[in-house]
Amino acid sequence: MAARTKARKRAVDVLYEADQRAVASQAGAEHSDPGRPTPVSVLAERLVEPGTQTALPQYSVEIVEGFAAHAERIDEVLATFSQGWTLERMPSVDRAILRMGTWEVLYNDEVDAAVAIDEAVGLARELSTDDSPRFVNGLLGRIAELGPNLVD
């Protein structure tokens, strides 16, 4: 497995963990709870305690920090173009993969959109439902088509 592929998977792990912990902490708490886990706070924890034998790759850090810097816009784009699916209705792992993929497509000029989409589809195939690869491919493909028009 290539280094960037591993880094993407680890970034998806962090985004997924942050999402799951935020949902758990939201039960009975105000939506703006300052103690609510965020991708950046979970990333900070994983940098200290990776949870695996290897440290978090630098590219994983770039992905998570990049998503966090543009989270509101990325979620808005995903919600706008995911016809018939709200963010909340998507499987959590798909949401994490799409957040990573959207950041790469829209904000990382070092990665070709086709590569970002292919990597996201591969992760969906490995980590999610049978329908997820097609959903991820279609949604990220549409986002890539509109590309620069969507960047804030």
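Me: Let's start with Arg 8: is Arg 8 buried or exposed?

Reply: Buried means under 20% relative accessible area, exposed over 50%, and partly exposed in between, using a 1.4 Å probe and protein chains only. Arg 8 has 3% relative accessibility, so Arg 8 counts as buried. Keep in mind that this is a predicted model, where local features need pLDDT of at least 70, side-chain atom pairs count only at pLDDT 80 or more, and totals for chains, interfaces and linings use all residues. Residues are numbered from 1 along each chain as its sequence is written, and side-chain values use heavy atoms, with hydrogens and water left out.

Me: Where does Arg 8 sit, and which residues does Arg 8 touch?

Reply: Helices here are DSSP runs (H or I, at least four residues), numbered from the N terminus. Arg 8 belongs to helix 1, residues 3–26. Contact means heavy atoms within 4.5 Å. Leaving out residues up to four places away in sequence, Arg 8 touches Tyr 59, Ile 63, Met 100, Glu 104, Val 111, Val 115, Glu 119 and Leu 123.

Me: Which residues of helix 3 are buried?

Reply: In helix 3 (residues 58–69), the buried ones are Tyr 59, Ser 60, Val 61, Ile 63, Val 64, Gly 66 and Phe 67.

Me: Now for packing. At what angle do helix 6 and helix 7 pack?

Reply: Axes are lines fitted to C-alpha atoms, for helices over the stretch in contact, and angles run from 0 to 180 degrees between N-to-C directions. Under 35 degrees is roughly parallel, over 145 roughly antiparallel, 65 to 115 roughly perpendicular, and the rest oblique. Helix 6 (residues 113–127) and helix 7 meet at about 160 degrees, their axes 8 Å apart, so the two are roughly antiparallel. On the helix 6 side, the contact includes Ala 113, Ile 117 and Ala 120, and on the helix 7 side Ser 132, Pro 133 and Val 136 are among the residues.

Me: And how do helix 4 and helix 7 cross?

Reply: The axes of helix 4 (residues 71–81) and helix 7 (residues 132–146) come within 10 Å and cross at roughly 110 degrees. That makes helix 4 roughly perpendicular to helix 7. Val 77, Leu 78 and Phe 81 of helix 4 meet Leu 139, Arg 142, Ile 143 and Leu 146 of helix 7.

Note on methods
The expected span of a helix is 1.5 Å times one less than its number of residues.
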